[in-house]
Amino acid sequence: NVTGVQTCALPILTHGDGTSISPDKLPIALAYNKGITTKNEEIVFEYKDGRKIYLILHILPLRGNNGKIEGVVSIFKDITKLKENEAKLRAQAEELNNIFSSFQDALVLIDKKGKILKINNVANKLFRINSPTDMPRKDVFLKRFLFFDSKGKTIPLEELPLYQAVRRGKTTRNMEVTLFIDKKIKKTLLLNAIPFKDENGN
């Protein structure tokens, strides 16, 4: 009998896709027993307390002059922190998407080149498009959507808050405009545009 030794529960082993691995199918066992080489294999160690350790394995069998396997070379790379960061980013993206979709005002997210990245449901209904890729070309947009200021003067595309934010980094808040869609539908809107910059000011 061995006393004074605290045993630790063995972890559950799975592939990166979640399928379980039996002991005889472990890469190190396959290398030693069958001479199988394993490269870039993702293995997950899951413990009863919920902890998960993610590893990338490279397992190579070593053969002697007679061709028989005499040993195994094992290289392990711990990618747990990378996996945790990826999970956090996915959770943040999902949360942002939920907020974006549930917002009661029309929201349009574009990059610095003017490419539309995302439009929420309210903006979809306002502009009558289904996705960012359905947004009309500039010439078609100007025919379908006409903007007027509080004095009834036409607002050129270059003076719209969204354009000003992208091209000049200018913030606009509560600019009241009248929007005519297809010369039939009239909407009174308050436009806001806020440029977001990274840590380098871009």
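A residue is taken as buried when its relative accessible area is under 20%. By this criterion, 25% of the 202 residues of the protein are buried in the predicted model. In helix α5, which spans residues 161-168, the buried positions are P161, Q164 and A165. Viewed along the axis of α5, these buried residues fall within an arc of 100°, and therefore line one face of the helix. The strands against which they pack are β8 (172-181) and β9 (185-193).

The secondary structure of the protein consists of five helices and nine strands. Along the sequence these elements follow the pattern β-α-β-β-β-α-β-β-α-α-β-α-β-β. Among contacts between residues at least 6 apart in sequence, 33% connect residues at least 24 apart.

Four of the strands make up an open sheet in the order β1-β2-β3-β4, and their pairing is antiparallel. The edge positions are taken by β1 (12-15) and β4 (69-78); each has a single partner strand, so one side of each lacks a neighbour in the sheet. From one strand to the next, the twist averages 35°. Strands of a sheet pair through backbone hydrogen bonds, in either a parallel or an antiparallel manner. Between β3 (residues 52-63) and β4, which run antiparallel, there are nine bridges. In this part of the sheet, H58 is positioned opposite I75 of β4. The hairpin of β3 and β4 has five residues between its strands, and within this hairpin G67 has a positive phi near 90°.

Two helices are in contact with this sheet. Helix α1 (residues 27-34) packs on the sheet and touches β2 (38-46), β3 and β4, with its direction at about 160° to that of β4. The buried residues of α1 are P27, A29, L30 and A31, and they pack against β2, β3 and β4. Just beyond the end of α1, G35 takes a positive phi of about 75°. Helix α2 (residues 80-102) lies across β2, β3 and β4 and runs at about 140° to β3.

In soluble globular proteins, nonpolar side chains tend to be buried together. The largest nonpolar core of the model comprises 13 residues, of which F145, F147 and L179 touch the most other members. Two or more residues of this core are supplied by each of α3, β7 (145-148), β8 and β9. The most is given by β8, with three residues. Leaving aside neighbours within four places in sequence, L179 is in contact with L126, F127, F145, L146, F147, I185, K186, K187 and L189. Another core, of seven residues, lies apart from the largest one and includes I21, A31, I43 and L57. Of these residues, A31 is also one of the buried positions of α1.

A polar residue in a loop is buried as well. N120 is located in the loop between β6 (116-119) and α3 (121-127). The relative accessibility of N120 is 1%, so this residue counts as buried. A polar atom of the N120 side chain lies 2.9 Å from the backbone nitrogen of L107. Not counting residues up to four places away in sequence, N120 touches F100, S101, F103, D105, A106 and L107.

At K197, by contrast, the relative accessible area is 58%, so this residue is exposed. K197 belongs to the segment after β9. Its C-alpha atom is separated by 9.6 Å from that of K112, although K197 and K112 are 85 residues apart along the chain.

Notes. Residues numbered from 1 in each chain as written. Predicted model: local features only at pLDDT ≥ 70, side-chain atom pairs only at ≥ 80, totals over all residues. Heavy atoms only, no water. Pairing = 2+ DSSP bridges. Axes fitted to C-alpha atoms, helices over the stretch in contact; angles between N-to-C directions. Contact = heavy atoms within 4.5 Å. Buried < 20%, exposed > 50% of the residue type's maximum accessible area, 1.4 Å probe, protein only. Polar contact = N/O pair within 3.5 Å; in protein donor to acceptor, adjacent residues only side chain to side chain. Arc of directions from axis to C-beta. Core = buried A, V, L, I, M, F, W, Y, C linked by side-chain atoms within 4.5 Å.
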